[in-house]
Structures are given as structure tokens and as C-alpha cells.
Amino acid sequence: MLLLQVLVNGILLGGLYGIMAIGMSLIWGVMNIVNIAHGPLIMLGAYVTFWTFTLWGWDPFLSLPVTILSLFVYGYLLQRFILNLIVRAQLFLTLLITFGVEVVMVNLARIFWSSDLRQVTPSYAAANFAVGGLTIPYVRLWVFVTTVVVSVIFLLLMERTRLGRAIRATAEELRAARLTGIPVGHIYAVTYGLGAALAGAAGAMWGMLFPITPIMGGALTLKSFVVAVLGGLGTMMGAIVGGLVLGLAESFSSTYIGPTYPNAISFGLLVLILIFRPTGVLGRGEGR
Amino acid sequence: MSIKRWARLLGGLAVVLFLGAAPGIVSAFMVQFLINLFMMAILAESWNIIGGFTGYASFGNVAFFGIGAYTTGVLLTRVGFPFALALPAGGAVAMLFAAAVGFPILRLKGHYFAIATLGTAEMMREVVYNLEFTGAGTGLVMPILRTPLTFFYLMLAILAAVTLVNWWLSQSRFGYGLVAIREDEDAAAVMGINTPLYKTVAFALSGAFAGLAGGVYAYWITFIDPDAVFKVIITVQLIIMAVFGGTGTVLGPLLGALVLSAVSELLATQLATLAELFYGLIIILVVLFMPKGLSDLIRQGGLSLRYFARNLREYRI
């Protein structure tokens, strides 16, 4: 029974990791930017939800569109007016600038919201139900369902719309995309905006499960990395699979090996995957 | 060696001697600041070997620093080695670790390499957290040495050594080999360069100096814990210093460490809580306006609007 409970916990958490990593993977795959500011975007999403919840009493699930939209606008502007200026430079320069953005965001969050632990606690926060001996909190289940819905909407957007095609074309071959009349600067900004929106959605839900602080992003950036690489960059399904793998690995290792080891295990997993299968579990193309 | 080279070496020696005399002139606070500055400069220069010359952006160099600190610390406190033995051991273990990890990881390129090194550093932190003999999460307390100048001269000597190695790389066959790998690895291999060996040696050299700096740091600060010596931010700081000064140049990282240490010290005293915010803004501005570093700025003839405008245009989409 314990085994099954651990399995369910891992899957429910894995969905959230998946949605974080889709955004990371998208930004990385399209623009070749490793977005160190991804964790702070998640943090920002959490704080937007925290505000709408405490100031106006909005339900955190129902305010999700607002959070997603604000993060999209923020991401769009950031890419359009700052990151686009440096996007073709060497890798450590783009890494550095997103790191600079990270530092600025974290410190602004300290000023706006202070370093106190915040929480989003709707009335149903502690409620759970039992199925055949398994205990499942409602919030976790709804978070999982929401991540699935948001991911599906996002996948449809990427696969079925003109915008999605333009983004994929830009990722494939920048110059050819530009020649066919795609406004690449705008597309890059939209791509970053979408990544930020997904991060924001993840943050909104993260805030219902865990405390919100200005520094919560650092560890989540690393986890998004791990998941994006685990699944294979640029593949959206890969990010979801990678999220589930990390969720399960953490859930199992903290139950059976010890609660202090999950991070060591996820990073060990990362390095091993990179060495033996650098294109990820579902990846294709070349990584070395 | 040509006269110009001798002149440069002598100039370097003069600077070292001048700095060596500094503790007699400046305040105790300044000496502490200089020790820290030397340490960051060692880390930036050692990163430059792998990140600048070889072109492999390592985001895990703090692992070598931490391993050096912990090796020295454990040997000092648990085994009872004298510092004179514990310090070289710290450098040696960090070097061996770099070689062992580097051999598989250096096959990766670009982002994959960056993240593998980052993952390695984070994993080391977690491992040290969970080991008994390293003091786990509570850390290690060193005996206190009552002569702080020892650390000053040790850091200065290591800094001189690592700068010398960078200088040697800038004009030796081995160094040219590394640059060839950075410019085009396949072509370098075709030219007969044993690329895996070259890269591993560069990584090990980088690790050795970072490890030595870590060893001195441990005894200087007298207390280490996993979060302090395996902090990701240290890696990022030293990369920023190298980039700010100019990667792949001999004196660039040193210059970057000097300017940015001074700036962050000033920010910390003048702005207190806002210091980090401004540090972040500086990073953004530096990357946007002078991505090739101070040494390029100097070579191109100093500050001008045109220089900044050209940089802005260069990497724009």
C-alpha cells in the first residue's frame, strides 16, 4: 500500500515539474537560452496568485488565467526589449544575462513582498479523500488535472496554430524563417512569454502546496533544468515524462533512502543521463 | 624569450612585490579585502583556463573550491595533518577530482557541459551534507591561526602562479592547442591534437588552483559548511569577473575581479540591502554593453558611445 501511495505522490508532484520544464524546454529549444530566470518566473506567478488571493479573495484556480496573462506580458516585454539584444551571443553571455535578471527579480521581490514565508490557503486546502486506502489531497489532484489541461492547450497551440508553426519554424532555421516573412523578434518574445506563462501557472499551483518566498526560485530553476534535459530538449512530451521521472525518483528516494537525499539523487541522475544519453530519454538529434 | 616578454614578466614581478609590501601600508580591513580579492581573482583566472582558453563554459568550478576546502579542513581537524601538507593535498584532490569527472563530462558540449558541471557541483554539496566525517550539515571548525598575513601571502603566491600559467597558455604549444579546440574542435583533432587529453589536463589545472584557493579559504575563515563552499553563486560571480575583464586573455579575469570586487564592496557599504539588486543590474548592463570585456574596451580605444552602440548591434536579432 505504501508503495502505491508513494507512486501516486510522485506522479502528482511530477505533473507540476513537467509544466515548469515545458517552459524551460521551449525557451531553450527555440532560442538556445538556458533561462536561469525560470525559477523567479515561477516565484512571480506564485506571488501574483498570492496577491489576487489575499487582496481580493480570488480562488487560486480561478485566478489562473490572470496569472498566466500577466506572466506572458512580463515575459514578452523582457525578451523584446532586453534579451533580444544579446540573443545571438555565446552561450555564457545569455546565461549571464538571465542570471542578472534572476538577481534583480529576487531582490525586487524582497522589496515588494519581504522575505516572509507566504501561503495561498483556500478553504479546501487541507481536505482530502481516500480511495482504497490511498489518501489523496484535493488540491494536489486538482493541481495535477490543471497541469494536464494547461499542457494539452499548450501542445495544441504549438502543433495546430499558425503561431505554433511560426515558433517551430524559427527554432528550426532562423534565417529561413525570417525570409518567409516571420517577424522573428516578435516570435522570440512570444516564445519567452509563453515559457513565462507556463512558469507562472506552475508557480500559482506551487504556492498552494508549498510556502512562497523570494528565494524559492533557485532550486526550481535547477529542477526545471534537470527535467528538461531528462526528457530531451525541445520535445514537449519529453518534459512531461521527465517531470514524472523526477517526481517519482524524489518520492521514492525520500521514502526509501532518506529525506536528505532526493536532491543528490536528482542531480546524480542528471549527470548520468547527460553522460550516457545526452539527448534525453525521448530526445533525438545530437547532443555532443 | 624576447625582450618584450622579459619586460612583461619583470613588470608582473614588480606588481607582486608591490602587493607583497601592501600589508605594511594599508589597514587591516584592507588586508582582508585584498585576501578576498586575490581569492576571487584566483578562481576567475583558474576558470579562464577551461572557460576562456578552451571554450568550455564550466558552471561547476565551485565544486573544486569546495573539495579543496573540505580536503584541507578534514586533514587539518580530523587527521591532524599540518597545514603545509593539508593545503597541497587539497589542491591535489581537487585536481584528481577534476580529471576523473572531466574525462566523461568533457565529451559534452555547450549547454550540456554547462549543466553537467553545475549538476556535479550541486551533487558534491549534497554528498558532503550527508557525510559524517565532513561534519555533515553543521560544518567544520578550524583551529585559529593568529597570523592573518600568512593567508595574504599564500593567496598572493597562488594568484601569481595561476596568472603565470595563464600567461604560459597564451604562448605555448599546449595553450594554442586549447584555443584550437575552442575555435573548432573537429579541426583541432584533425590537426593531430589529442583533444580529450588536452581538455582533461586544462580542466584538472583549473581544478587544482581552485582547490588550493579553497584550502586557504577554509583555514582563513576557520569555518566551512556545505552551503558556504559549494554555493552556485560563487561560480557565477567568478564567470562574471572573467567575462567582465575579458575571457581568454591573461590579465582580463584579474582585472574583472579587481573592479567587480571593489564595486560590490562599495555597493555593500553604501547601499546595504539594495547592493544585490544593483549587482544584478550591473551584470545586465555589462552583458549588453560590453560583452567582450574590459580588455577589449581598452584595446578598442576606451569608452565611447559608438563602442557601446556597436556591441548592442552585434548580437541583436
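**View 1. Chain B and its contacts across the sequence.** Take the contacts in chain B between residues at least 6 apart in sequence: 76% of them join residues at least 24 apart. Keep in mind as you look around that this is a predicted model. Chain B contains 15 helices and two strands. Its radius of gyration is 20 Å, close to the 20 Å that the globule rule gives for 317 residues, so chain B is as compact as a globular protein of that length. Along its principal axes, the C-alpha trace of chain B spans about 55 × 50 × 45 Å. As for burial, 50% of the 317 residues of chain B count as buried.

**View 2. A close look at helix α11 of chain B.** This helix covers residues 232–245. How many of the 14 residues of α11(B) are buried? The count is 12, so the helix is largely enclosed by the rest of the structure. Among the buried ones you can pick out B:Ile234, B:Gln237, B:Met241 and B:Phe244.

**View 3. Where chain B touches chain A.** Here 38 residues of chain B are in contact with 39 residues of chain A. Which helices of chain B each supply at least two residues to this side? They are α4 (83–105), α5 (110–130), α11 and α13 (275–289). Of these, α5(B) gives the most, with 14 residues. Sort the side of chain B that touches chain A by class and you get 26 nonpolar, six polar and six charged residues.

**View 4. A:Leu96 and its partners in chain B.** Zoom in on A:Leu96 and set aside its neighbours within four places in sequence. What is A:Leu96 in contact with then? The list is B:Ile239, B:Ile240, B:Val243, B:Ile283 and B:Val287. You've already met B:Ile239, B:Ile240 and B:Val243: they are among the buried residues of α11(B).

**View 5. The largest nonpolar core.** This core has 199 residues. The residues with the most contacts inside the core are A:Met20, A:Leu96, B:Ile42, B:Met155 and B:Ala213. So which helix contributes the largest share of this core? That's helix α8 of chain A (residues 184–209), with 16 residues.

Note on methods
Residues are numbered from 1 along each chain as its sequence is written. Chains are lettered from A and ligands numbered from 1 in the order in which they are written. This is a predicted model: local features need pLDDT of at least 70, side-chain atom pairs count only at pLDDT 80 or more; totals for chains, interfaces and linings use all residues. A nonpolar core is a set of buried Ala, Val, Leu, Ile, Met, Phe, Trp, Tyr and Cys residues joined through C-beta atoms within 7 Å. A residue is buried if 20 or more other C-beta atoms lie within 10 Å of its own, exposed if 12 or fewer, and partly exposed in between; C-beta atoms are placed from the backbone. Helices (H or I, at least four residues) and strands (E, at least two) are DSSP runs, numbered from the N terminus. Two residues are in contact if their C-beta atoms, placed from the backbone, lie within 7 Å. The radius of gyration is taken over C-alpha atoms; the globule rule is 2.2 Å times the number of residues to the power 0.38. The expected span of a helix is 1.5 Å times one less than its number of residues. Ala, Val, Leu, Ile, Met, Phe, Trp, Tyr, Cys and Pro count as nonpolar, Asp, Glu, Lys and Arg as charged, and the others, Gly among them, as polar.
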